[in-house]
Amino acid sequence: GSGKTTLFRGISGELDALKGSIRLNNSVVGKMTLKERAQNIGIVTQNIEVGNMTVEEYVLMGRIPYRKHFQFFETRHDFEIAEKYIQLTGIAGLRDKNMNALSGGEQQLAGIARALTQEPQLLLLDEPTSHLDITHQVHILNLIRRLSENLGLTILMIIHDLNLAGEYCDSLIMMQKGSVRKKGAPHEVLNYE
């Protein structure tokens, strides 16, 4: 109820800004086509809902924004990119499993792989560690940190666990009732008060 998801919807261009504009590399996100947004912004929600498909098929969906008119099948390049992120996220052993048969942590990893397959400049993660045990939380947050460092990827994440936020994030924004309450480095935001 503090406005975090609404903020993400504004950043992604799903909601129009009430004032000003949201820019990504000097382009106004709200004026981008859906295809341009999908090529530049990857989004992973906390609940991944999928039909009857394998992990590999799900990850390959991240290449849809790059399809040309009347292109109905993935190209060799699409498969290579998907494979890169399947390997990077450590889900290669799950590629032939049905998405509905995966644990919550495995589904989050598949969601991250699909979003990365879009080759975005910005990755939005909405509570990627909610409902996961501590082992999966740490695994996913370690992966997110590596992605940011190795790919030079900007990652914005909604996270409720203040200990994990302080450990894994470079900068924090605390929100309350739709407004920013405090922002800065973890040691500036997370204090006794």
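1. The buried residues of helix 5 are Gly105, Gln107, Gln108, Leu109, Ala110, Gly111, Ile112, Ala113, Arg114, Ala115, Leu116 and Thr117, where buried means under 20% relative accessible area, exposed over 50% and partly exposed in between, with a 1.4 Å probe and protein chains only. Because 12 of its 14 residues are buried, helix 5 is largely enclosed by the rest of the structure.

2. The model is a predicted one, in which local features need pLDDT of at least 70 and side-chain atom pairs count only at pLDDT 80 or more, while totals for chains, interfaces and linings use all residues. Residues are numbered from 1 along each chain as its sequence is written, and side-chain values use heavy atoms, with hydrogens and water left out.

3. The cover over the buried residues of helix 5 includes strand 3, helix 3 (55-60), helix 4 (76-88), strand 4 and helix 6 (134-151); helices here are DSSP runs of H or I with at least four residues, strands are runs of E with at least two, and both are numbered from the N terminus. As for length, the 14 residues of helix 5 should span 20 Å at 1.5 Å a residue, and its end C-alpha atoms are 20 Å apart, which agrees; the expected span is 1.5 Å times one less than the number of residues. Glu119, whose phi is positive, near 55°, follows helix 5.

4. Strand 4 (residues 122-126) runs parallel to strand 5 and is joined to it by five bridges, and Leu124 stands opposite Leu156 in strand 5.

5. Five salt bridges are found in a search of the whole structure, each being a side-chain nitrogen of Lys or Arg within 4 Å of a carboxyl oxygen of Asp or Glu. One of them joins Arg9 to Glu14, with the closest N and O atoms 3.1 Å apart. Arg9 is partly exposed, with a relative accessible area of 33%, whereas Glu14 is exposed at 52%.

6. Glu56, Glu83 and Arg95 are linked in a network of salt bridges. Between Arg95 and Glu56 the closest N and O atoms are 3.4 Å apart, and this pair links distant parts of the chain, Arg95 lying in the loop between helix 4 and helix 5 and Glu56 in helix 3, 39 residues apart. Between Glu83 and Arg95 the corresponding distance is 2.8 Å, with Glu83 in helix 4, 12 residues from Arg95. Arg95 is buried, with a relative accessible area of 18%, while Glu56 is partly exposed at 22% and Glu83 is partly exposed at 27%.

Key:
Two strands pair if DSSP finds at least two bridges between them. Contact means heavy atoms within 4.5 Å.
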